[in-house]
Amino acid sequence: MKKLFILLAAFAGFVSCGKNYFNINNNNPNKVTDLPPKTLMAGILNQTASIVTTDFPFLGCYQGYWTIAQGFSDITDYANYNYSTNFGQNIWTDLYGNLGNINYIEQAAASDSTLVLFGAMARVMKALHYQLLVDVYNNVPYRQASNALILYPKYDSAQSVYEDIILQIDTAIGMINSANAQSVVQPDVSSDILFGGNMVLWKQFGNTLKLRMLLHQSELSNRQPYIQARLQDIAAEGDGFLPAGQNAWVNPGYSQNNNQQNPFFAAFGFTTAGGTAANYISFKANNYAINFYTNTNDVRLGYDYSPLAGYGVTPYQYVGGPFGTIGLPSPSSASSIGAYIPASGNVPAGPRAGLLQSDAQPCPILTATESLFLQAEAAQRGWIGGDPQTLYQQAITASYEYLLVTSADSAAAAYYSQNLVNVGWTASSNKLQAIIVQKWAALNGLDLLEVWSDYRRLHYPGDIPLSNSPNVVSPTPPVRLLYPTIEFQTNLANVQAEGTINQFTSKIFWMP
Amino acid sequence: MPMLCLLLTLAATGQEKKGGSLHLILHNQPVREALHQIEKQAGVTFHFDKTRIDMSRTVSLELENASLDEALAALGRQTGYQFRQRGDKILIVGAGEVLPPAEVSGLLKGTVLDSKDQPIQGVSVVVKGTTTGTQTDVNGLFSIKGSPGDVLVASFVGYQTREVVVGSSGSVRIALDEDRRVMGEVVVTALGIQRQSKELGYSTAKVSSQVINQAKPTNVVEGLNGKVSGLQINVNDNSMDPSMRIVLRGNRSFLGNNQALLIVDGVEVDLSYINYINPNEVDNVTVLKGANAAALYGSDASNGVLIITTKKGLKGKPTITLSSTYTQDKVAYLPELQNSYGPHAGEYTQGYALFTNYLGERSYIPFEQQAQGPAFNGDSVLVGFPQADGEVLRGIYKAYPDAKYNFFNKGNTWQNDVSYSGADDRGSYYISFQDVKTNGTVPNDNSRRTGVRFNGSRSYGIFSSSIGLAYSQFNVDEDGDLNDTYTSLLGFPPNIDVPAFKNTATDVNASINGFPIPYSLNPYWYVNNVRNKFRDDNISGNVDFNLKIRPWLNALYRVGYSGFLRNGQVTTADKTYSNDAILFSNSSFSSDNYIAYPPAPNQVTNSFDFRSRLYTTALLTADNTLGVFTSKAIAGYTTNDSYERYSTQYSGSLAFPGFFNITSGTQSPTLNDSVTDVRTTGMFLDWTVGYRGWLFVHGSVRRDESSLLAQQFRVYDYPGVDVSWVFTDAIRGLQDNKFLTYGKIRASITKVGNINIPPYSLHNTFSLANAGASNPNGSGAYNTFPFTTSGVTSYAINQTIYNPLLKPEFTVSKEVGAELGFLNGRINLQLAYFDQHTSNQTVPIQVSPVTGYATQYINVGEMLNQGIEADLNLTPLIKLPNGLRWNWGVNFSYLNNKVVSLLPGTTELNIGGAAGGKGLVSNDYAIVGKAFPYLQVQDWVRDPQGHVVVDAVTGLPSQDPNPRPVGQLSPKYRLGLNSSVSYKGFTLSGVAEFRAGNVVFNNMPYLDEFGLSPRSVAGGNQRFVYPNSVIQVAPGKYVPNTNVTIDDYFQFWGQNGFAYLPPAMFVSSGDFWKIRELSLSYDIPPAIVQKAKILKKATVTLVGRNLFIWRPKDNQWTDPEFSEDNSNAVGQTSTYQAPPVKSYGLNLTLIF
């Protein structure tokens, strides 16, 4: 019997394994689990530019730039204004997804003082993201968001979110000003693909975002004292806004290689092989915009759209279709968006100007033209110093420059010197209307959400046609999106606490 | 009666005393009792032919201190029997029979046959009372040293042991009856432990090689289908490398693995390895149906186990077996298609009056794909656009009903086998070789599988060892884009004679530049230009070392290794258009090939997948007997290391047409590389106690340790216990009952742990950042870091919250059952009822995106599986004196499975779906209170009675945006029928299977949307009233719609486009009846065969597989058994699966 036990013991010793035997799944050999927080920044900025330029194509239709071509693509729900909670869900998931990354940097900076500049950049980007969320959904989760431990985050009132993110920008500017250049990690072109580590530009960007949020509230009389107080903060801070010639855009190294394209170009233009993106076929010129540019002798017509029969076939015909008419336009009966046409036979691709320039063009988050129009409006309202006319004309010039219009400055001057209402400054009796209409003309395809916000706030341009769809469910266009389906699946109690949302009547808090 | 002999023999051995004084006091008691007492007292054993010696004759003896001779003489006087002693064995011969000569040695010869007169191979034949023994060869032949008058004992698993006295000729013919009482059958249970069937407290099934290979399948799995209750096999497609789903007793885990564990010769291997096993090498497959049987295999076995045992060499002369099978495959059926109407598509009626005649009727459009146009009339019409040279294809405006069938080839399979085996007392060997060459039904598809196996064993004293080695190579060349091929084929209007467009290279009308339908590429373009080629190398080996330390104590150490390497390449030819085609692209009425399939360079994807498993087991087994108790105690330890390395390289920018080397790309290739390594160990104790051979109690406990979990959770224990009671032996009144010959009831309860998470799921990870990954176009991310031109890289948080607090899932499985044999086993019934409760499931739940994440792994949710299994065997149902014999087997499974709970507050969990005509759909759900998985899809708006609600003006129904639960996706009932009739060398066998109670989602909506299905043109392409529809007249008030027609049938079927018909329109019943196998074999009579001296046996077999299927009318699509892959999201068919095929062929088997 004793022998047997010895045998058993030997047996067990022979076959059993050491503790390290099991410690093979702790370190993941396939995915990195630990990295310097600053490594996230370039991705955040690239994704932000993608969200701003590609997540709102339906607004291109609502705001009179584009329409949906018929053919294989059906009449979508949004042409009937009859969209469901499924519609635009990616806006929600993209913004909150990116906020998770922003929060990671913010948290890392909170515990590591050398990351203070990255913490500041993260706060500015956070402010931008929540501004976009509020402008689309009004009340949204804010204080309990971006936390893996809070699976059912509560919603915060839109106004309190707006107020807090303005404070976040102030905090960020304070962090930048207090950072000791010797002891902190400096952002550079590899992490700060927006401003290449130029922290003054970050402060100006923050101030511009603040101004934009204040302008969104312009039509609320009870907010005027608050607005004035915040304007004084900006003036006291002193760095001002993004100036002429300074676009807030990113270019981490876009190229015509696979998976390296500018997001807007990839979404609305062409594949790396020169084939058309799905949106290039399905979105066509809207006759409202075509008529506007044509009637105002605006050469940007040929930069925002391509001629029907292509280049080289004169006279160039720019044709738009109405939005919502069943059967129109067919893909070949209306102008495409952007001037760019891919290479065909011996004809090289191009022109490399306009809305779609190339796979490698920078992707905007907030263009100089938008910043200047914001300043023009603020100056016109007397909120800030400066001459509104100068800012207005600089803004138009910046738009021409963005589109790489030939001899942009003189072409812009020729344009805004015309004696046309809403084009020439002096010819326009309603200066505010002229500013917003020109802002609309300049931001074609660049910042559709901001254009929609202006329309919801001021109803300019006032003659943007409604959807022609016979099945349209409302005589007025929607003013917001519904909370997305995924919130009803994963955060039901909190989203239901917001009550029944109606896309025509449930306003964003800043809407008059 | 032979059982008694056996028992007597057993009782007698071990007695050391011989001879001595005998005390026998018997009054009118059976001879049996006298012999019993003599055996006990004298230490001898009696041997006799029970057909001649009547043991129930009564005798009376009163002997004190008598010698053995005196006692035998006294018995002889009363009975007339004669006795002849040799050693301690005494032969009894009837009165007047010739006693064998005392000691004449020679060679005895004989054959062993079964009750069907079929030879049985491997029967052990022993000269009674000696150690001389041999085994029968494949013809049932044996020869053995012995003399006339010797008693030969022939025994074989599954047959009743038979003793035969050798006549003076020295030649015998022994017929063995199958043992219907199951009692003595040895079953291989977990870890290769052999147990008697009567001991088992749980349900198992054993399928023999003969049954598997009845219809000469190329894959073991096909040979098991329909033959075992509780085992559900789905052959998911019929590609060159079909995926199979093998599930025992239903699904337990929502998202984890539910497929059976595969053990080959004692070694755990990947389930996919079953596709590489030569079915002819398989000796038998044992199915351990539930966790109860499988608990000793540890966590992987909660889903049940398939144990494959390969053949070993058998004693006797070496045997060579040659087998050759040729089968032909033919497409059985396509989805139902209409042949009455030609091309027209509705969008033109609004935009283009050109294709509407003066009456406003839709006219023929020569280049249109949708078939919603005028009826065929036999006119000569244009087809497609004019080519660049002005030539226009003309055709007759008629249907080609066979065109789509004729696209497919007749496939064929050549299967050639050689095996060589033999054995002596100390060792055995078995060598086999197989080559399977297949040409598929999809043009250009072919594959070849070549494999060898060597099994050997050797024993030396108390030490013995065995080894198994197998290698196979599998080469496949198949269509790399079957979905597009099949979609474009099915999508053509009926007036296109598809095979006429075969020559894509030489015929401009078939080429990418000039194909008449501009909305889809020629299917022949895909089969010629998109190829998926791969080669699999499979090696596996196992070595067993066995040490018999004591007669009752045995130690075993087993090492098994399997290695798998797949290296594959998918190549897509470039799309290069002629200048003419490019010019013409602007004149077409919509986007044509040039726009829809833009020019692109050739592409290549290389993939390398290496998997290996190292598996070891150490077992210590102690067998003891203590009085009326028997004991079998086992202690063991296993380790398992699974490793995988998977790499892919993709380039979509190759520089030179026709040249597919990854390094020739003009842009950086896309790379993927991942390594996983998982280790588990298990320590266990297993103890069976038997009482008087009719009551057995068995218990086991196992402790697992796994590298998958965090240190504090990685060790977990689980116990199991079962009881088996053979009441026909235990209850005196039931012994020797002529009607109920065998009866056993059993019960068991077991808990098994299981870890269903991928490795490295404990820490959050980062992925390369990208932009626009969730864009609604579904085109994937617009860009991904790093940017090669600038060198900028960036990462983003991976959207899964990993959870270091995860614990194992546990299944508690209860089972009761009965095994009943009637009329000496002519009727055999096995019944089982089981109840499995799986809790603490590991589920990646979807979390609010607000958290910054998409999913989180948590332990939550319960699933219940209850079922009944019944196996009824009638062997034979009919047996006629002229040799006709008809056997029937029926197996039935009923499964009631239910999701008990999910995350608190949620009632459903999406588990995915499949790709197809409606894009990637995620229709499969776990829904609380419903079976798993459950189909939930969008449907029309319906009134409370289920009628479709239509618009009062347009007559159109509308889609209800909220998906509706439609039905369960796994069958609730399955019935398998096996039958064989044999008569004079002919055997006709068949297997049929019925499944019911489930639905299937057929993701091929364009058949309706394009007007290609019969139902979509049933209205004659005219306005129609939606059948059984209602109109809402007031909220909640509906009236039947009798006259509001759909004002634009086109809008209904197609133009409002491809998203209008709700998925519920494509759901059908999943019920079917299938004749899975039919075979007719003929054994060429021995007289003819043996003329060819060296040939022992020759058999010719006609085989057919999947010859017939019957489906309910609502299934107009495809084989409901198909599915996208072998994930849990079953019940999704689409054009990713080629149409079903039927096979028939011929086999010739020669044995030398």
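This is a predicted model: local features need pLDDT of at least 70, side-chain atom pairs count only at pLDDT 80 or more; totals for chains, interfaces and linings use all residues.
Reader: How much area is buried between chain A and chain B?

Author: The contact draws on 84 residues from chain A and 86 residues from chain B. Carbon and sulfur atoms give 58% of the buried area. The total buried between the two chains is about 6900 Å².

Reader: How many residue pairs in polar contact does the rule find across this interface?

Author: For salt bridges across the interface of chain A and chain B, the rule finds zero. For polar contact, with both residues at pLDDT 80 or more, the number of residue pairs is 26.

Reader: Which helix gives the most to the side of chain A that touches chain B?

Author: Several helices of chain A each supply at least two residues to this side, among them α1 (2-15), α2 (41-54) and α18 (485-490). The residues of this side divide into 39 nonpolar, 38 polar and seven charged. The helix that gives the most, with nine residues, is α4(A).

Reader: Is A:T54 buried or exposed?

Author: A:T54 lies in helix α2 of chain A. Its relative accessibility is 4%, and the cut-off for buried is under 20%. A:T54 therefore counts as buried.

Reader: Which residue of chain B is in contact with A:T54?

Author: Within chain A, the side chain of A:T54 reaches the backbone oxygen of A:S50 at 2.6 Å. Leaving aside neighbours within four places in sequence, A:T54 is also in contact with A:P263, A:F264, A:A267 and A:F268. From chain B, the residue in contact with A:T54 is B:Y782.

Note on methods: Residues are numbered from 1 along each chain as its sequence is written. Chains are lettered from A and ligands numbered from 1 in the order in which they are written. Side-chain values use heavy atoms; hydrogens and water are left out. Contact means heavy atoms within 4.5 Å. Buried area is the accessible area (1.4 Å probe) that two parts lose on being put together, summed over both. A salt bridge is a side-chain nitrogen of Lys or Arg within 4 Å of a carboxyl oxygen of Asp or Glu. A polar contact is a pair of N or O atoms within 3.5 Å; within protein, one must be able to donate a hydrogen and the other to accept it, and residues adjacent in sequence count only if both atoms are side-chain atoms. Helices (H or I, at least four residues) and strands (E, at least two) are DSSP runs, numbered from the N terminus. Ala, Val, Leu, Ile, Met, Phe, Trp, Tyr, Cys and Pro count as nonpolar, Asp, Glu, Lys and Arg as charged, and the others, Gly among them, as polar. Buried means under 20% relative accessible area, exposed over 50%, partly exposed in between (1.4 Å probe, protein chains only).
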